[in-house]
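Work through the following exercises with the sequence and the model at hand. Each task is followed by its solution.

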Amino acid sequence: MDDAERDPQPHTIRLELADEPGQLLAALEPISENGGNLLSIFHERGNVTPRGRIPVEVDVEATPDRFEAIVDALREGGVNVVQAGAEHYAEEVVVLLVGHLVDTDLSDTLRRVEENPATSIADFSLNAPEGRNDTSSARLRIATRSGETAAALELVREIASEKELHVVEPLAGGAL
C-alpha cells in the first residue's frame, strides 16, 4: 500500500436531509464513528431540493478505506447521499408524462421516483393549458447513478401504468 492510500485526504459528501430536528447530527455520527475528521459543513437550510429536503455539503478528511466506510454507514443509516467524492449522478434522461397528472397526485409521482436512492429528479416542469382538471404534461429531467438509467425508466413506467399516464421516453440509445 503506498502512502497516498494510507494518508488522510479531503473528501466532499453531498447529502439531502429531512428538515427535522436531529437529522444533521444523525448524518454526522457515521463520520465520527468511522474515523473521519470533519473539516466543514455547509447547511443550506433556506434551500430545498426537488425532493423537499435540505442540501448539506460536508467536507471530511479520511483515508480512502475510512471514507468508503463513512459513505456506506451513511447509506445504511438511511441518509440520502447525493454525491460522495467522485461518485455522483452521472447520467440524465428526460421523459414526458401525459395524462391527468394533477388528479393522480403529481407530488406522489415525484416522491415515488425519488424514493429510489440511485435516482434524483434534477428538474421538472408542468404544463396544464386547460387547467388542473384536464390533461396535463410534465417534463422530468431525471439524474441517475451510472448504470441505473434503465431501472429509473422502468420505475417511471410502472408508476405511469398504475396512474394511467402516458410516458414519452427518449429514443433508444439516446440516453442509455
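Two strands pair if DSSP finds at least two bridges between them; strands (E, at least two residues) and helices (H or I, at least four residues) are DSSP runs, numbered from the N terminus. The model is predicted: local features need pLDDT of at least 70, side-chain atom pairs count only at pLDDT 80 or more, and totals for chains, interfaces and linings use all residues. Residues are numbered from 1 along each chain as its sequence is written, and side-chain values use heavy atoms, with hydrogens and water left out.

**Exercise 1.** Find the residue in β3 that stands opposite L15.

*Solution.* Start with the strands: β1 covers residues 9–17 and β3 residues 54–62, and they pair in the antiparallel sense over nine bridges. In β3, V56 is opposite L15.

**Exercise 2.** Give the strand order of the sheet, and state why one side of β2 and of β4 is left without a neighbour.

*Solution.* The order in this open, four-stranded sheet is β2-β3-β1-β4, with antiparallel pairing. β2 (37–43) and β4 (80–84) are at the edges and each has a single partner strand, so one side of each lacks a neighbour in the sheet. From one strand to the next, the twist averages 25°.

**Exercise 3.** Describe how α2 and α3 pack.

*Solution.* Axes are lines fitted to C-alpha atoms, for helices over the stretch in contact, and angles run from 0 to 180 degrees between N-to-C directions. Helix α2 (residues 23–33) packs on α3 at an angle of about 145°, the axes being 8 Å apart. Next, take the contacts (heavy atoms within 4.5 Å): A27, P30 and I31 of α2 meet I70, A73 and L74 of α3.
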